[in-house]
Amino acid sequence: MEEACIVCEMPLKINRNEAGVLHSEDSPAIEWRDGFKLYYWNGVNLPDKYIEDKANLTYEDIMAETNIEKRRCMREILGNGFATTLGLEPIPIDEDTDSKGKPIRLFRTARPDNITNKHIYFANVRDSSTDREYFICVKGEPTNVWAAVASSFGKSKEDYKLIMET
């Protein structure tokens, strides 16, 4: 868009967090006079429901979100309610630490999914560079954290060999 220019009126309000990125926990981060609004959680653009109606987020909402960053935001927004909303068993199936000493945990839903009739598994990991926490939905029925993490890369536990993490 080297030869294009987008012009609009100044927004009525712009909310940012301490880092200066767009963020609002309970209202639009940006709002214009004509009623157009954008919702952001620590710089990630989200549907209005995640912010305006967070008390009513459901298991189906979480599972329908395919963007891992948006799903991470849902976890932050719901806090401890995230695991409850997903129906995760409170005690991990397995746990270990990664090469940086960060915990990795494997959870599964307490009840089988009503569509597949199978439990759904989640690897709970922390990104070593940002320290952000993620619940990654993994394929199959892994019995340990390394099989779960490997499956998120499309590999088997035996083929997943982390040499260096940067």
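What pattern does the chain follow when read along the sequence? The answer is β-β-β-β-α-α-α-α-β-β-β-β-α. Keep that pattern in mind during the tour. The model on your screen is predicted.

**Stop 1: the whole chain**

Look for five helices and eight strands. Now switch to the C-alpha trace. Along its principal axes, the trace spans about 55 × 40 × 30 Å. The chain has 166 residues, and 36% of them count as buried.

**Stop 2: the nonpolar core**

Select Leu46, Phe82 and Leu86. These three touch the most other members of the largest nonpolar core, a set of 20 residues. Next, colour the elements that build this core. Strands S3 (37-41) and S4 (44-46) each supply at least two residues, and so do helices H1, H2, H3 (68-78) and H4 (81-86). Which helix gives the most to this core? Select H3: its share is four residues.

**Stop 3**

Select Asn42, in the loop between them. Its phi is positive, about 45°, although Asn42 is not a glycine. Most residues other than glycine have a negative phi. Asn42 counts as partly exposed because its relative accessibility is 26%, between the limits of 20% and 50%.

Jump ahead to Asn117 for another example. Asn117 sits in the loop between S6 and S7. Its phi is near 60°, again positive in a residue other than glycine. Is Asn117 buried or exposed? It is exposed, with a relative accessible area of 62%.

**Stop 4: from H1 to H2**

Select Lys49 and Asp61. They form a salt bridge, and their closest N and O atoms are 2.9 Å apart. Lys49 belongs to helix H1 and Asp61 to helix H2, so the pair links parts of the chain twelve residues apart. Now compare the two ends. Asp61 counts as buried, at 17% relative accessibility. Lys49 is partly exposed, at 29%.

Next, select Asp53. It lies in the loop between helix H1 (48-52) and helix H2 (59-64). Asp53 is partly exposed, with a relative accessible area of 30%. Together with Asp53, they gather in a patch of negative charge on the surface.

**Stop 5**

How many salt bridges does a search of the whole structure find? It finds ten. Here are some further ones to visit.

Select Lys102 and Asp131. In this salt bridge the closest N and O atoms are 3.1 Å apart. Lys102 lies in the loop between strand S5 (94-97) and strand S6 (103-108), and Asp131 in the loop between strand S7 (121-126) and strand S8 (133-138), so the pair ties together parts 29 residues apart in sequence. Both ends count as partly exposed: Lys102 at 21% relative accessibility, and Asp131 at 39%.

Now select Arg126 and Glu133. Their salt bridge has its closest N and O atoms 3.6 Å apart. Arg126 is partly exposed, with a relative accessible area of 30%. Glu133 is buried, at 16%.

**Last stop: a network**

Finish with Glu69, Arg72, Glu76 and Arg132. Show their side chains together. These four are linked in a network of salt bridges.

Conventions. Residues numbered from 1 in each chain as written. Predicted model: local features only at pLDDT ≥ 70, side-chain atom pairs only at ≥ 80, totals over all residues. Heavy atoms only, no water. Patch = residues over 30% accessible without salt bridge, like charges linked within 9 Å, V, L, I, M, F, W, Y side chains within 5 Å. Areas by Shrake-Rupley, 256 points an atom, 1.4 Å probe, with all protein chains shown as cover. Salt bridge = Lys/Arg side-chain N within 4 Å of Asp/Glu carboxyl O. Lys, Arg positive; Asp, Glu negative; His and termini not counted. Charge placed at Lys NZ, Arg CZ, Asp CG, Glu CD. Buried < 20%, exposed > 50% of the residue type's maximum accessible area, 1.4 Å probe, protein only. Core = buried A, V, L, I, M, F, W, Y, C linked by side-chain atoms within 4.5 Å.
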